[in-house]
Amino acid sequence: MVEHWIGLTHLPATGREFSFEDQAFWQELWQEFHCDFEAMTPLLSTLFIVPQQDGFLIQGRIAGRIKTSCNRCLEDAFVDIDHAFDTFEAHEDVEALEGEESHLRATDAGWELNVTGLLWEEFLLAVPEKILCADTCLGLCPHCGKNRNLEQCVCSNLDSQSPLARALQGVKIKTN
């Protein structure tokens, strides 16, 4: 994964805000992870980082609009992203977690934060699990593949009965 590290050692006690507007950042991640996303409005990210005695308190937001494919009909679907998050990156997590990667690292110059890893995780949490072009999307016909939002097909009458009901049609149960 592409990494972008920022130094946290000389942050003021009141904290500091960081803004990320580079759209190439998102394009690289989407290509690397084979995601079919396109930014319709710039994805803007902000992080407000406050140093704590045992780590860093991070408050952030990712906002923008993306285009991708609808999970039901494969037509274009637009998703508004407006995701606020709070997280805490502890110093002890850097050494304590085996198998999990911390977003912090200690260097000779002090502490650094991997912004790419943090923002990627939060972006994935912001994207809906099921992306639809509309709440009323009918999807593709499982028999002929036609988009049922645009046209009706003859196959739709087959769907009036569930697959289980069709499979059990004609089965007789013997009673003693």
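Predicted model: local features only at pLDDT ≥ 70, side-chain atom pairs only at ≥ 80, totals over all residues.
View 1. Residues are numbered from 1 along each chain as its sequence is written, and side-chain values use heavy atoms, with hydrogens and water left out. You will find His34 in the loop between H1 and strand E3 (38-52); helices (H or I, at least four residues) and strands (E, at least two) are DSSP runs, numbered from the N terminus. Most residues other than glycine have a negative phi.

**View 2. Leu74, a second residue to look at for its positive phi.** Leu74 is not a glycine, yet its phi is near 70°. Its place is the loop between E4 and E5. Leu74 is exposed, at a relative accessible area of 57%.

**View 3. Helix H1 meeting helix H3.** Two packed helices are described by the angle between their axes and the distance between the axes. For H1 (residues 23-32) and H3 (residues 115-126), the axes come within 12 Å and cross at roughly 70°. Axes are lines fitted to C-alpha atoms, for helices over the stretch in contact, and angles run from 0 to 180 degrees between N-to-C directions. H1 brings Phe25, Trp26, Leu29 and Trp30 to the contact, and H3 brings Thr116, Leu119, Trp120 and Phe123; contact means heavy atoms within 4.5 Å. Sorted by type, the residues of this contact are seven nonpolar, one polar and no charged (Ala, Val, Leu, Ile, Met, Phe, Trp, Tyr, Cys and Pro count as nonpolar, Asp, Glu, Lys and Arg as charged, and the others, Gly among them, as polar).

**View 4. Glu89, buried and without a salt bridge.** Look for Glu89 in strand E5 (residues 76-90). The nearest side chain of opposite charge is Arg105, 12 Å away; Lys and Arg count as positive and Asp and Glu as negative, while His and the chain ends are not counted. Leaving aside neighbours within four places in sequence, Glu89 is in contact with Asp54, Gly55, Phe56, Ile58, Ser102, His103, Leu104 and Leu113.

**View 5. Asp80 paired with Arg65.** These two side chains form a salt bridge, with the closest N and O atoms 2.9 Å apart; the term covers a side-chain nitrogen of Lys or Arg within 4 Å of a carboxyl oxygen of Asp or Glu. Asp80 lies in strand E5 and Arg65 in strand E4 (residues 55-69), so the pair ties together parts that are 15 residues apart in sequence. Asp80 is exposed at 55% relative accessible area, whereas Arg65 is partly exposed at 29%.

**View 6. Further salt bridges.** The count by this rule comes to six. Glu112 and Arg105 meet at 2.7 Å, N to O, and Arg105 is partly exposed, with 31% relative accessibility. In the pair of Glu151 and Lys146, the closest N and O atoms are 4.0 Å apart. Glu151 is partly exposed at 40%, and Lys146 is partly exposed at 36%. Salt bridges that share partners also join Glu38, Lys67 and Asp76 into one network.

Methods: Buried < 20%, exposed > 50% of the residue type's maximum accessible area, 1.4 Å probe, protein only.
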